[in-house]
Amino acid sequence: MSIKKVSFVGLWMAFVLAVLPLTPVAAAPPADAAKGVPAQLIQAAKSEGTIVSYGLPNSWVNYGGLLQGFTKEYGITHKDTDMDSGTIISTLIAEASSPVADTTDLGLAFAKLVEDKNLSKPYMNAYWAEIPGYAKDPKGRWSAAFYGVMGFLVNADKVKNVPKTWDDLLKPEYKGTMCMKNPRSSATAQMSVLGAAFAHGGSETNVQPGLDYFKKMIDRGIPNGVSPSSANIQKGECPVTIQWDFEALRNKDQNPNMNLQVVIPSDGTVAGLYIQFVTAGAPHANAAKLLMEYEYSDKGQLAYAQGFVHPIRTSVKLPADLLAKFPPAAAYKSVSFPKDYVALDKAGSAIADGWTLIAK
């Protein structure tokens with residue numbers, strides 16, 4: 001799933017006016033993680049032989065590596081169609097009578113819509129008990145396998161003093177240095193505003209402190225108007241970029257000759273959860289369930305970590321060489337997890353509307 005995919009629900013409601021028939025599906029009982037994946041599920045999934053996904057391209061949080069491991073282990077082939085979140089939702093609704101996709105990956109803000117439109121088939125994987133309550137639906141309709149954290153990517157060759165906090169970025173020395181996406185069209189940028197809100201006493205139910213902060217930033221000329229990409233970061237056009245830590249860490253990893261530093265602002269920031277589920281009409285439902293088992297297994301969680309996101313299962317230990325690529329654990333003490341996914345959707349709309357009032 002490309003980074004562009006993460007638009008909030010409010011940006012796409014025009015696509016989702018149709019209402020799906022409410023056909024209840026009983027959740028499977030949690031499996032015993034110590035016993036592994038049930039043999040009958042493996043056999044049924046292998047009989048289906050393939051799995052179809054929306055929005056899981058190879059480049060998105062190392063889904064390429066994860067799915068390669070899944071295919072190697074179970075011999076099940078995979079086909080993906082990359083699309084943004086709004087298109088995923090509208091396509092699942094449009095295809096309700098003749099389903100195509102078996103699974104997908106969306107930001108937490110879409111969880112309520114998944115529930116309301118009955119887009120998922122409840123399933124609880126073997127590691128269900130290890131998933132925090134705020135990262136799963138009690139009925140098994142969705143769960144989050146990983147998360148990212150909002151931070152800064154700093155080109156220390158272009159910036160004399162590396163900013164450590166949101167308030168550091170308001171200093172005159174950073175005038176014209178900051179790159180970010182547009183919160184009116186990007187959920188990543190909306191989460192940037194939410195991160196600043198949390199740093200200044202706000203929350204997913206109170207985004208105004210974040211908007212107030214960015215108004216100060218805009219008034220002081222800190223943003224340079226460049227929407228960040230790997231290319232313009234490489235060109236030095238983005239001395240400071242506000243983005244997910246997994247984006248920043250990937251850029252740092254791919255450009256070892258640049259003096260790039262990843263900063264988690266010490267005055268507060270937010271985590272962003274990404275949810276997965278078996279689609280309501282999955283043609284290859286057993287293969288999709290088996291993929292869920294793999295995504296939450298040690299192997300799957302490590303594959304996600306290789307894409308620089310944080311595994312949801314804290315019992316999974318990263319190898320030292322991979323862990324060394326992340327900021328130290330102490331840097332993440334400032335992170336808050338927005339847990340009210342209904343409020344999170346409304347926050348996206350409030351930020352988009354509020355940005356119109358402060359943008360120049």
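This is a predicted model: local features need pLDDT of at least 70, side-chain atom pairs count only at pLDDT 80 or more; totals for chains, interfaces and linings use all residues.
On the H9 side, the contact is made by Tyr294, Glu295 and Tyr296; on the H10 side, Asp298, Lys299, Gly300, Gln301 and Tyr304 take part. Sorted by class, this contact has 3 nonpolar, 2 polar and 3 charged residues.

Helix H10 itself spans residues 298-305, and Gly300, Gln301, Ala303, Tyr304 and Ala305 are buried in it. What covers these buried residues of H10? The cover includes the helices H2 (63-74), H9 (285-296) and H11 (320-323), together with the strands S5 (143-155), S9 (269-279) and S10 (310-311). Arginine 313 counts as buried at 5% relative accessibility, whereas aspartate 298 counts as partly exposed at 41%.

Further salt bridges are found elsewhere, and a search of the whole structure gives 9. Lysine 325 and aspartate 253 meet through their side chains at 3.4 Å, N to O. Lysine 325 sits in the loop between H11 and S11 and aspartate 253 in helix H8, so the pair ties together parts that are 72 residues apart in sequence. Lysine 325 is partly exposed, with a relative accessible area of 40%, and aspartate 253 is partly exposed at 37%. In another salt bridge, the closest N and O atoms of lysine 171 and aspartate 168 are 3.3 Å apart; here lysine 171 is partly exposed at 38%, while aspartate 168 is buried at 16%. Glu115, Asp137 and Arg141 are joined in a network of salt bridges.

Helix H8 (residues 245-254) also holds asparagine 251. Is asparagine 251 buried or exposed? Asparagine 251 is buried, with a relative accessible area of 2%. Beyond its neighbours within four places in sequence, asparagine 251 is in contact with Leu153, Ser230, Ile233, Gln243 and Leu260.

How many aromatic pairs does a search of the whole structure find? The search finds 18. In one of them, the rings of tyrosine 147 and phenylalanine 337 have centres 4.9 Å apart and planes at 75 degrees, so the pair is edge-to-face. The two residues belong to distant parts of the chain, 190 residues apart: tyrosine 147 is in strand S5, and phenylalanine 337 is in the loop between strand S11 (335-336) and helix H12 (341-358). Tyrosine 147 is buried at 18% relative accessible area, and phenylalanine 337 is partly exposed at 22%. Tyrosine 213 and phenylalanine 214 form an edge-to-face pair, 5.1 Å centre to centre with 90 degrees between the planes. Tyrosine 213 is buried at 3%, as is phenylalanine 214 at 0%. Finally, ring pairs link Trp60, Tyr63, Phe146, Trp244, Phe246, Tyr274 and Tyr304 into a cluster.

Note on methods
Residues are numbered from 1 along each chain as its sequence is written. Side-chain values use heavy atoms; hydrogens and water are left out. Buried means under 20% relative accessible area, exposed over 50%, partly exposed in between (1.4 Å probe, protein chains only). Helices (H or I, at least four residues) and strands (E, at least two) are DSSP runs, numbered from the N terminus. Contact means heavy atoms within 4.5 Å. Rings of Phe, Tyr and Trp (its six-membered ring) pair if their centres lie within 6.5 Å; planes under 30 degrees apart count as stacked, over 60 as edge-to-face and the rest as tilted. Ala, Val, Leu, Ile, Met, Phe, Trp, Tyr, Cys and Pro count as nonpolar, Asp, Glu, Lys and Arg as charged, and the others, Gly among them, as polar. A salt bridge is a side-chain nitrogen of Lys or Arg within 4 Å of a carboxyl oxygen of Asp or Glu.
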